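Q: Could you show me how to read helix packing and strand pairing in a model like this one?

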Amino acid sequence: LPTHSLSLSLQAKMSRPVHARRLEGIDKNIWVEFVKLAATYSTVNLGQGFPDFPPPDFLKEAFVRALSGGNHMLHQYTRAFGHPPLVKMLAQLFGKLLGRDLDPMTNVMVTVGAYQALFCCFQAFIDEGDEVIIIEPFFDCYEPMVKMAGGMPVFVPLRPKPPKDGKLMSSADWQLDPAELASNFSKRTKAIVLNSPNNPLGKVFSRGELELIADLCVKHDILCISDEVYEWLIYDGKEHIRIASLPGMWDRTVTIGSAGKTFSVTGWKVGWTVGPDRLLQHLRTVHQNSVYHCATIAQEAVAQGFQRELEFYGKPESYFIQLPKELQQKRDWLVQSLDAVGMKPIIPEGTYFLVADISQFKSNVPDVPGSDEPYDSRFAKWMVKNKGLAAIPLSAFYCEAHKNNYNHFIRFCFAKEEATLKAANDILQKWKWEKTSP
């Protein structure tokens with residue numbers, strides 16, 4: 001190249017940073033890394049939270065009807081904030097559950113999965129410097145989404161209180177310290193994120209715990225972003241209480257739900273928010289200026305699914321009753337399987353997940369002096385590479401400062417077919433035999 005062209009070519013290369021500051025420090029993602037590891041090494045994947053069994057026939061049939069039926073407009077745009085048949089069904093159901101009349105056009109908004117619902121909340125409500133209380137362990141997207149909005153996450157951990165009788169721990173044994181929680185509310189606090197039932201622990205917050213949170217929200221005049229995607233997956237006769245139904249909370253709460261978790265169709269990416277118009281109007285602004293619209297046919301099929309569930313509400317035929325029964329059996333099976341080999345499971349009251357204590361397996365993966373990586377993360381990587389069993393380290397659900405406080409647990413997903421759980425059990429039994437044989 002001539003000297004002049006070479007000079008221009010060198011000048012043309014950008015030297016200043018191209019990324020926005022809001023992306024700094026949030027580029028790492030546990031799922032990208034562990035999904036890749038599972039795809040490469042695992043024979044049994046109990047890591048990611050999706051069922052490997054089919055969704056209910058009535059929902060698949062609704063999708064086929066929507067796809068191949070006579071209404072060709074289902075292949076086109078629908079209402080940006082939610083397909084009218086779906087928001088009507090959601091308003092009807094949640095009106096019943098919350099004991100209030102809901103307007104489908106103003107009290108409900110449909111999103112691209114619960115994930116986008118969360119994103120809309122943080123973008124709509126959080127300003128530069130606002131503090132957002134996050135209860136640990138937390139679903140990992142809360143922290144980066146708060147930071148991207150310019151907010152400051154403030155972390156308050158659930159603290160385990162092991163039972164004294166030698167029984168297996170329950171997710172109910174992980175509790176908030178009321179004084180610690182109260183001390184983290186300040187003039188800068190804008191919102192608290194509640195996730196009940198909680199991923200990864202499977203904790204279902206009790207009425208007393210929710211009343212503690214509600215009282216603090218009212219006292220400090222802050223918002224509650226309530227992630228309730230596992231609302232139907234509750235075990236052992238426990239009750240899911242919606243915080244928006246407590247005194248003073250409807251007006252300050254956005255409740256988030258998911259068709260993926262409700263109907264076992266995580267790939268459809270249909271979620272929703274329910275709340276007062278004064279809050280949802282701001283979510284609509286974010287939604288219309290980002291994704292704008294969700295897949296019409298998926299919304300139509302989910303609407304038909306809810307219509308069926310409203311007809312069978314509280315009856316044995318209801319999928320909302322059948323699914324948790326099936327999952328409770330799968331949970332119990334995996335609990336027994338893990339307990340038999342010495343991984344101490346924490347029995348979840350809800351969700352797809354259970355967390356197990358790996359302390360007794362430490363001899364398999366020795367400590368690495370000076371390593372910054374939490375022990376459970378190294379253990380989970382070793383397990384998938386050497387045993388073919390994929391799980392997720394619990395430290396992934398904690399902020400950087402607290403990761404090493406809870407680094408001897410891993411999370412398993414039990415929303416799997418019997419064959420998958422049996423294959424996991426076979427791996428664990430063989431592993432136990434290898435550990436105990438001379």
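Q: Which residue in E15 does Pro 393 stand opposite?

A: Keep in mind that this is a predicted model. The general idea is that strands of a sheet pair through backbone hydrogen bonds, either parallel or antiparallel. Here, Pro 393 stands opposite Ile 410 in E15. The strands E14 and E15 (residues 409–413) are paired in the antiparallel sense, over two bridges.

Q: In what order do the four strands of the open sheet come?

A: The order is E11-E12-E15-E14, with antiparallel pairing. Strand E11 (344–346) and strand E14 (392–393) are at the edges with a single partner strand each, so one side of each has no neighbour in the sheet.

Q: Which helix lies across E11, E12 and E15?

A: That is helix H12 (residues 319–341), which runs at about 10° to strand E12 (353–357).

Q: And how do I read two helices, such as H4 and H11: at roughly what angle do they cross?

A: Two packed helices are described by the angle between their axes and the distance between the axes. For helix H4 (residues 84–98) and helix H11 (residues 296–311), the axes cross at roughly 30° and come within 8 Å. H4 and H11 are therefore roughly parallel to each other, and their crossing is left-handed.

Q: Which residues make the contact?

A: From H4, they are Pro 85, Leu 86, Met 89, Leu 90, Gln 92 and Leu 93. H11 contributes Gln 299, Glu 300, Val 302, Ala 303, Phe 306, Gln 307 and Leu 310. By type, the residues of this contact of H4 with H11 comprise nine nonpolar, three polar and one charged.

Technical notes
Residues are numbered from 1 along each chain as its sequence is written. This is a predicted model: local features need pLDDT of at least 70, side-chain atom pairs count only at pLDDT 80 or more; totals for chains, interfaces and linings use all residues. Side-chain values use heavy atoms; hydrogens and water are left out. Axes are lines fitted to C-alpha atoms, for helices over the stretch in contact, and angles run from 0 to 180 degrees between N-to-C directions. Angles under 35 degrees count as roughly parallel, over 145 as roughly antiparallel, 65 to 115 as roughly perpendicular and the rest as oblique. A crossing is left-handed if the near helix is turned anticlockwise from the far one by less than a right angle, and right-handed if clockwise. Contact means heavy atoms within 4.5 Å. Ala, Val, Leu, Ile, Met, Phe, Trp, Tyr, Cys and Pro count as nonpolar, Asp, Glu, Lys and Arg as charged, and the others, Gly among them, as polar. Two strands pair if DSSP finds at least two bridges between them.
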